[in-house]
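Let's take a walk through this protein, going from the whole chain down to single side chains. Keep the viewer open and follow along as we go.

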Amino acid sequence: MRTRTRDPQTLGGAGTLDRMARILAARNIDPAAVAALVDEPESFSPLDALLTAMPPRYQGAVADHPQVLAWAKDVAQQAVAPSLGARRQVTTGPSLLMAGVVGAGKTHQAYGAVRQLVQTGVGVRWRATTAADLYADLRPRPGVDSERELAAVSRCPLLIIDDLGAAKASEWVEEVTYRLINRRYNHMLPTLITTNLAIKDLRAYLGDRVTSRLAQMTTRVEFEPVDRRRHRPAA
């Protein structure tokens with residue numbers, strides 16, 4: 001049996017370009033217009049991409065708390081480039097636990113910290129969720145692979161968990177929280193956690209296993225007991 005062979009064709013050669021030109025002409029498409037679109041530089045910046053993924057309320061968030069800024073600096077310094085010439089990416093780093101009353105500015109600082117990282121030129125793959133939404137997403141139910149979802153959240157390079165301690169405590173909540181925190185603890189993945197509970201009260205809500213790992217993996221920040229949503233400066 002005789003095997004038929006063909007010489008490999010180089011994409012972009014004269015024959016290929018001629019065929020493309022004929023196809024475009026047959027469809028009344030101006031080749032020059034197509035070329036202009038292809039050659040146009042990408043104008044969508046990493047910060048633009050970040051803002052499209054942020055809730056509108058926090059798109060202008062700016063981190064100004066000294067410990068939050070120090071955290072962002074540490075994470076940026078530990079970022080690594082996956083290949084020569086590639087942009088550095090967040091892979092591992094420290095975590096931060098921000099505790100304070102409702103409205104103290106914890107969530108604002110968390111989103112501002114992510115924005116700060118992007119503005120330093122570091123690539124960030126991140127995810128944000130409230131603790132209540134997290135448990136709702138992970139609760140077993142028909143048609144949903146909750147184990148796969150837990151694995152995805154656990155592996156996310158940077159995770160914001162907002163309002164830890166706001167959901168009703170239960171053995172299931174404690175177990176899921178432990179599995180998530182333990183995985184991120186073992187892989188040293190940076191995690192921003194906010195809570196309305198005083199740090200001394202976390203143990204009663206989360207249990208010894210979770211609290212022990214949080215104590216080792218996070219820098220703890222106590223926010224002043226001022227509800228900034230109610231104490232806005234006069235216009």
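**Charges, rings and helices**

Start with a charge over a ring: the charged end of Arg213 sits over the ring of Tyr185, 5.9 Å from the ring centre. Keep in mind that you're looking at a predicted model.

Now zoom out for a moment. The protein chain has ten helices and five strands. Of its 235 residues, 38% are buried. The chain exposes about 14,700 Å², and carbon and sulfur atoms supply 53% of that area. If you take the contacts with a separation of 6 or more, 80% of them are between residues 24 or more positions apart.

The structure holds three aromatic pairs. One of them joins Tyr111 and Trp126, and this pair is edge-to-face, at 6.1 Å centre to centre with 85 degrees between the planes. Tyr111 belongs to helix 5 and Trp126 to strand 2 (residues 126-130), so the pair ties together parts that are 15 residues apart in sequence. Are Tyr111 and Trp126 buried or exposed? Both Tyr111 and Trp126 are buried.

Next, find Tyr135 and Trp172. Their ring centres are 6.2 Å apart and their planes sit at 70 degrees; the cut-off for edge-to-face is over 60, so this pair is edge-to-face. Tyr135 is in helix 6 (residues 131-138) and Trp172 in helix 8 (residues 171-186), so the pair ties together parts that are 37 residues apart in sequence. As for cover, Tyr135 is buried, with a relative accessible area of 4%, whereas Trp172 counts as partly exposed at 25%.

Helix 5 spans residues 106-119, and Thr107 is part of it. Thr107 has a relative accessible area of 10%; buried means under 20%, so Thr107 is buried. What does Thr107 touch, leaving aside its neighbours within four places in sequence? Its contacts are Tyr58, Asp162 and Thr194.

Step along to His108, also in helix 5. His108 is partly exposed, with a relative accessible area of 32%. With neighbours within four places in sequence left aside, His108 is in contact with Tyr58, Ala61 and Val62. Ala63 is 45 residues away from His108 along the chain, yet their C-alpha atoms are separated by 7.4 Å.

Helix 5 has a helix partner too. Two packed helices are described by the angle between their axes and the distance between the axes. Helix 4 (residues 66-78) packs with helix 5 at an angle of about 35 degrees, and their axes are 9 Å apart. This crossing of helix 4 and helix 5 is right-handed. On the helix 4 side, the contact is made by Val68, Leu69, Trp71, Ala72, Val75 and Ala76. Helix 5 brings Gln109, Ala113, Gln116 and Leu117 to the contact.

Let's finish in the loops. Asp163 lies in the loop between strand 3 (158-162) and helix 8. Its phi is positive, about 60 degrees, although Asp163 is not a glycine. Asp163 is partly exposed, with a relative accessible area of 27%.

Ser170 is found in the loop between strand 3 and helix 8. At 33% relative accessibility, Ser170 counts as partly exposed. How many residues separate Ser170 and Tyr205 in sequence? Ser170 and Tyr205 are 35 residues apart in sequence, and their C-alpha atoms are 8.8 Å apart in space.

Met188 is not a glycine, but has a positive phi, near 55 degrees. With a relative accessible area of 52%, Met188 is exposed.

Note on methods. Residues are numbered from 1 along each chain as its sequence is written. Side-chain values use heavy atoms; hydrogens and water are left out. Helices (H or I, at least four residues) and strands (E, at least two) are DSSP runs, numbered from the N terminus. Buried means under 20% relative accessible area, exposed over 50%, partly exposed in between (1.4 Å probe, protein chains only). Contact means heavy atoms within 4.5 Å. Accessible areas come from the Shrake-Rupley method with a 1.4 Å probe; for residues, only the protein chains shown count as cover. Rings of Phe, Tyr and Trp (its six-membered ring) pair if their centres lie within 6.5 Å; planes under 30 degrees apart count as stacked, over 60 as edge-to-face and the rest as tilted. A charge sits over a ring if NZ of Lys or CZ of Arg is within 6 Å of the ring centre and within 35 degrees of the ring normal. Axes are lines fitted to C-alpha atoms, for helices over the stretch in contact, and angles run from 0 to 180 degrees between N-to-C directions. A crossing is left-handed if the near helix is turned anticlockwise from the far one by less than a right angle, and right-handed if clockwise.
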